[in-house]
Amino acid sequence: MRTSRAEAAAASLPLLLLVALLVAAEGRRHKDGSGDEEAKACDKGWECSGSRFCCNDTITDYFKAYQFEELFAHRNDRSLAHAAGFWDYHAFITAAALFEPRGFGTTGGKEVGMKEVAAFLGHVGAKTSCGYSVATGGPLAWGLCYNHELSPSQSYCDNSNELYPCVEGVEYYGRGALPVYWNYNYGIIGQGIKQDLLNHPELLEQNATLAFEAAIWRWMTPMKRKQPSAHDVFVGNWKPTKNDTLSKRYPGFGATMNILYGDLICGQGSIDKMNVIVSHYQHYLDLMGVGSDKAGDNLDCADQVAFNPSSKNLDS
């Protein structure tokens, strides 16, 4: 996981956007029905608290351990994989179960659920890959090769942030399934998943379940109150405004990249950094038996204007 300073700045959620995250998440908790108090027991083998997704199939109904192994076939190759023995199916399923009552993998029926899992894991696979063109199994078979940035260019400490100040001696380089950078991002995501990541960011490279949980929280949580989450734009919960359509933002996989990476990936034409994420998603659809022909419309964000343009460029 070798990341330039510009990539780290854009991949992390800008500070001015982050302060609204938890408020937005709380609002969505009630919007999706998961804030209701009445428990609803189902014949699907699980229980959740009043969510409209309670009786839908869960991820384990359609995504099995052998499929996880096929998607991340070389993650435990000790000759090349830098996080061999760290990531596993159980960690993903345990983390995902926390978000199923909010609709993660449980929205819209089996096919939509499978596509969302493939989409989320497509991002994860691309961002943690050590694959290359002539690698065994091909470049798309090496997701979950990393769990942290190997050669940090800096400590990623923003001393101007008073809400989530840097802790002396702690470094905030990229860690996790969707790598987290900067003190303020560790602070807000830690608050979201109820873990002290500001003081202990190393948890994301020590505990695979927490690493997946932090990544799914980002997938499910809007950056601003009136903006969609990556989940929303993918499963059809979001209707573009006139400004969105003028900015060429439409529902689909492309918009998930816009939300997660902004103008680092989007609005730059058909660049490799974008195409490799799309390729992982399509490849995983094939491996899961859905088929890349079902990937949906608006696959890329080549012409999209970023929802939240970068506030700074650390390479300048």
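Tutor: The discussion below sets values against definitions.
This is a predicted model, in which local features need pLDDT of at least 70 and side-chain atom pairs count only at pLDDT 80 or more, while totals for chains, interfaces and linings use all residues. Residues are numbered from 1 along each chain as its sequence is written, and side-chain values use heavy atoms, with hydrogens and water left out.

Student: What makes tryptophan 142 count as buried?

Tutor: Buried means under 20% relative accessible area, exposed over 50%, and partly exposed in between, with a 1.4 Å probe and protein chains only. Tryptophan 142 has 1% relative accessibility, so it counts as buried. This residue is found in the loop between H7 and helix H8 (183-193); helices are DSSP runs of H or I of at least four residues, and strands are runs of E of at least two, numbered from the N terminus.

Student: Which residues does tryptophan 142 touch?

Tutor: Contact means heavy atoms within 4.5 Å. Leaving aside residues up to four places away in sequence, tryptophan 142 touches His74, Asp77, Leu80, Thr128, Ser129, Cys130, Gly131, Ala135 and Thr136. Leucine 80 lies 62 residues away along the chain, with 9.4 Å between the C-alpha atoms.

Student: Why is alanine 97 called partly exposed?

Tutor: Its relative accessibility is 36%, so alanine 97 counts as partly exposed. Alanine 97 is found in helix H6 (residues 89-97).

Student: How do you know that helix H13 is largely enclosed by the rest of the structure?

Tutor: Nine of the nine residues of H13 (residues 253-261) are buried, so the helix is largely enclosed. Among them are Phe253, Met257 and Tyr261. Just after H13, glycine 262 takes a positive phi of about 60 degrees.

Student: Why is H7 called oblique to H14?

Tutor: Axes are lines fitted to C-alpha atoms, for helices over the stretch in contact, and angles run from 0 to 180 degrees between N-to-C directions. Angles under 35 degrees count as roughly parallel, over 145 as roughly antiparallel, 65 to 115 as roughly perpendicular and the rest as oblique. H7 (residues 110-127) and H14 (residues 272-287) pack at about 135 degrees, with their axes 8 Å apart. That angle makes H7 oblique to H14.

Student: Which residues make the contact of H7 with H14?

Tutor: The contact includes Lys115, Ala118 and Leu121 of H7 and Val276, Ile277 and Tyr284 of H14.
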